[in-house]
Amino acid sequence: MAIRLGQHPASRHVVAHLSDPHLLADGARQYGAVDTDAGLVRALARLRQVDPPPQVIVFTGDLADKAEPAAYARLRELVEPLAEEMGSQVVWTMGNHDERAPYAAGLFGVSDPERQAAPQDRVHDVDGLRVIALDTSVPGYHHGAIDAEQLGWLAG
């Protein structure tokens with residue numbers, strides 16, 4: 001009897017990971033040259049060809065280059081119809097170019113200033129897969145950090 005190596009059962013989950021779209025408001029170009037809108041459109045067109053389609057599309061960091069509300073609106077305008085078409089859930093995660101208040105308002109409809117100022121941590125359960133979006137941003141700085149409260153939340 002032959003032994004088959006490298007065989008794996010069919011995947012139970014398909015996750016697409018996209019990062020750093022750096023969208024700008026009103027079609028502005030990054031550094032006056034890079035069309036970030038067109039780059040995201042190309043990436044989404046390729047994602048549309050994935051078979052089977054992803055159950056979850058995870059966007060990590062730097063969603064909007066300057067945290068402009070119009071850039072978050074454009075992000076949703078581009079991504080959400082495709083996600084709905086594919087039956088995928090979208091997970092947004094903060095980056096160091098994102099700012100909590102416009103991110104929370106633009107992507108989640110959060111209007112309470114206290115909730116906007118808090119770390120934008122969220123949990124998404126997708127067909128038995130738990131995806132945790134952890135906000136490690138440090139407002140006003142370009143580095144990240146995890147504080148004791150977040151560690152407690154993760155452990156809890």
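Me: How many bridges join S1 to S2, and do these strands run parallel or antiparallel?

Reply: Strands of a sheet pair through backbone hydrogen bonds, either parallel or antiparallel. Here S1 and S2 run parallel and are joined by five bridges, and Ala 16 stands opposite Ile 57 in S2. Helices (H or I, at least four residues) and strands (E, at least two) are DSSP runs numbered from the N terminus. The model is predicted, with pLDDT of at least 70 needed for local features and 80 or more for side-chain atom pairs, while totals for chains, interfaces and linings use all residues. Residues are numbered from 1 along each chain as its sequence is written, and side-chain values use heavy atoms, without hydrogens or water.

Me: What is the order of the strands in the open sheet?

Reply: The order is S1-S2-S3, with parallel pairing (at least two DSSP bridges between two strands). S1 (15-19) and S3 each have a single partner strand and stand at the edges, so one side of each lacks a neighbour in the sheet.

Me: Where does H2 bend?

Reply: H2 bends by about 25° at Val 79, with Pro 81 following within four residues; the bend is the angle between axes fitted to the seven residues ending there and the seven starting there. Just after H2, Gly 87 takes a positive phi of about 75°.
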